[in-house]
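Good morning, colleagues. Please bring up the model on your screens, and I shall take you through a few of its features.

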Amino acid sequence: MTTVNPADPTEPAASSMPPGEPPPATVPGVATVHGVPVRREALYFARRNKKLVGGLAVVLAFLALALVGPLFVADDPLAYVGPPAQPPSGTYWLGTTTFGQDVFAQFVHGLRATFLVGIVGALIAGVLGMVVGFTAGYRGGAVDEILTMVTNVVLVLPVLAVLMIIAAYLQVRNVAVQAVIIGLFSWPWVARAVRAQTFSLRSREFVDLAKLSGAPVRRIIFTEIAPNMASYLFMVFILLFGGAVLFAATLDVIGLGPTDGISLGLMLNHAKQWSAMNLGMWWWFIPPGLAITTVVGAFYIMNVGLDEVFNPKLREM
Amino acid sequence: MTLSVSDLAVHYRTTRGDVRALDGVSFGVADREIMGLVGESGSGKTTLGKSLIRLDSRMRHVGGTVTLDGRELPIGDDRAMNSFRFAEVSIVPQYAMSALNPTRKIGRMVRELVESRKIRFASVRAELDRRLDLVGLDRAVLDRYPLELSGGMKQRMVMVISTLLNPALLIADEVTSALDVSTQRAVAQALVGFRDHDLVRSMIVITHDFSLVYQMADTITVMYAGRLAEKAATETIVTTPRHPYTQQLISALPEVGVRYGGKRLSGIPGTPPSLLDPPPGCRFRDRCPLAFAKCVEEPPFVEVGPDHFAACWKAQ
Amino acid sequence: MLKLDGVSKTYRVGAFGRRSMTAVRDVDLELRPGEVVSLIGESGSGKSTIGRLILRLIVPTSGEITFGGSDVAALRGGDLKEYYRHVQGVFQDPFSSYNPVFRAERVLHMIRPAYFPGVSDADWQVKVEESLSAVSLNPGDVLGKYAHQLSGGQLQRMLIARALLLDVRLLVADEVISMLDASTRIDVLNLLADLKERGLAVLFITHDLSLGNYLSDRTVILRRGSVVERGATGKVFGDPQHPYTRMLLSSVPRLGQRWSELPAESYAGECRYHQRFPDGGPGLAQVDDDHFVACFKLHEGRTV
């Protein structure tokens, strides 16, 4: 009868490396099978990873500003409240626009709108990508061929051209529409990545065992495959947030953004339209530009940090 | 060439402390000797092999020395070892077949490797061809991608590459584990052929397969839980093993000709101790049928017969 | 009990599936209750494919697999579930068979919803502990732990315990001990042998001849998807007829005998199959009571 050393129940088994067989291929982003408990080790490294902690701090700071900021300023950021073209001062922290609008009010409202678009767009893209990816990866065969073809078509669609056509038809666009559009264009890479990982996971023996236990397909995907990709899916969402924010800002700047409301990209658009750069009104375009760059950059750096946390081979021990 | 290892200790750093993978190992390898290193997983045999060439950055050399032909090997220093690797000490690593870059043709890879050592490829070309013939590989192999070769062919290719500069010591780590039994025989015999043809002076063959190492090696060393258990000439250790672990290991081997109905084999109950915090004294103590009071004191690895070493109080 | 009749499995490979690869070619096999049959072959022999065909994880391209008379490939839904009550599998890599996200004991509990819906928690706990004891595992040692905290031997035994919870009659053991240490292999082998005494049939798939020899009543040697020799283990190992079998036996490293000391590999005589069937044909030729062999030239010319 074999016994396990009772001294430390959480220690890795001494025979963690089976004799003479190649190790199971570790999928990047998926916590390794052999060795220390998955979650505890992830948390340990997460706390120590400067990129993750730094990036998260920046994102949370901006998020806090976006949530709390609008409570301290007037309700309508587009209202004409003060003397035009004023540089930052005690009353107007970021100065005013050409029309006398409070730039700071616009900034915090815009930040909120940008985050909203980011979250909703990321969710739509993420869910869509995962559904397509899991189905294609697990089923294989004809279903996979069709879904992959659809994915590839959406991937190569000329986004700008399509958006301009949409802009021509929809006279009024709001933040929700923008989020949907972003979601509908951002999902293909998610689908491809999820499909690839599902392919590699579905031939693992625990999936066979689940089939031999009479489990239905849906249950296999949700309880066997998806949890093994949890870390990767988490990273996917982080990337999607960052990407959605950038995409929204891009659309806004070139004028394909919402027709009402304000966002960081729209601020840049207005600033450009009213020659803020030529007039030297730096307080109008630098804060939103810097904010977009910083937030998106923070998301991407977080992602790099997360990759290090989840993939032991990248860690510096 | 002579290799002398004295009290070698190597630890791995983990988040929970140091894993004492090798804890005070001393032995020697003579000129033209093929030493088989046998152990189960966690015994430290791969660590020992890798530490002699320092190929794993997670290892920490904690103590002991390794002397090759009278010179001390700088196994604690990655950079300093570089000049020894491939030329004096070479390794055929585990999963060597995955070590071939899939995007390079094999000939080009060999050229790059050789030229990184400041040797002109043309000057070794003739020798390379000769060795390919020796292991039974067609010279056309140099023009192929690794994808086009079978497992056994890749393994032999890696063996040829690792020995191209005639190292004094070759470490072969589980080179046949992933191969079919017929290929295994061909590869194992090719490896012994390297020594017979003076392409390498001495070899350390690391494996978990006792029967395989019986076929190949002159001496066999058995490791358990980071320490040496027994070392003797092949025939000696198989006919008169003195350490209880070796005895049990041999009796747990099913042989062609042994059937369940006839003679029921038995395994060794229990599991090896954790190397994070190993128990004092003999590490086989908990599973040893001969354990007695003195075993809480670590038995020294001493000579118990002519050229026959064992670490057991009962063997002395 | 389980019968394979002329079973073949062909895969489409290459871009657009232009080429085909035959993994299993025209295999006949029969498994009787309480019997251990070794399926021995090297890589590419199709032995794992046969295991998966029997476990209905894939279906044959031609031929028939019947269990108690009914066609396995045609099973669906509830019938398939019943099939898995009697036929189960254990695979090679114990660490890959356990989903690392969950505790190890989940492999035992995951069959509960489908097969033991009405059983109370207390009764279920008793059943689990009984099946663990039946495989010589101490429930206290293995319950509540994750897979990486247990040894390979314990994990494989737990998988066998899982099969025992059901009313399993046939266990497909696919290289179950090749990833275990030498000292634990024997224990799992002995366990399988003990289960045989209790009426369980085992299909023992392996590349290791000594293991097959130790455990099995009958042996089947596979090469490139076809059976080259089969029969009672003592006969196949004691008096191997086919050159491939002889080559395999001579390549196995043995303790106490060097390779060079073993007799020559090739068979100088005539092809026993063509002695019986001079004009060729399917199937195997009988050379002795419960000993069959295929044409000596079947799939000759292996490249290494």
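I shall begin with chain A, then turn to chains B and C.

Please keep in mind throughout that this is a predicted model.

Chain A is helical in its secondary structure: it has 12 helices and zero strands. Read from the N terminus, its elements therefore run α-α-α-α-α-α-α-α-α-α-α-α, as the assignment by DSSP runs gives them. The chain comprises 317 residues, of which 44% count as buried. As for its contacts, if we take those between residues at least 6 apart in sequence, 71% join residues at least 24 apart.

Let us now move to the contact between chains B and C. Chain B contributes 35 residues to it and chain C contributes 33 residues. On the side of chain B that touches chain C, the elements giving two or more residues are helix H5 (151-162), H6, helix H7 (210-216) and helix H9 (244-251) of chain B. Which of these gives the most? That is H6(B), with six residues. By class, this side of chain B has 17 nonpolar, 12 polar and six charged residues.

Technical notes: Residues are numbered from 1 along each chain as its sequence is written. Chains are lettered from A and ligands numbered from 1 in the order in which they are written. This is a predicted model: local features need pLDDT of at least 70, side-chain atom pairs count only at pLDDT 80 or more; totals for chains, interfaces and linings use all residues. Helices (H or I, at least four residues) and strands (E, at least two) are DSSP runs, numbered from the N terminus. A residue is buried if 20 or more other C-beta atoms lie within 10 Å of its own, exposed if 12 or fewer, and partly exposed in between; C-beta atoms are placed from the backbone. Two residues are in contact if their C-beta atoms, placed from the backbone, lie within 7 Å. Ala, Val, Leu, Ile, Met, Phe, Trp, Tyr, Cys and Pro count as nonpolar, Asp, Glu, Lys and Arg as charged, and the others, Gly among them, as polar.
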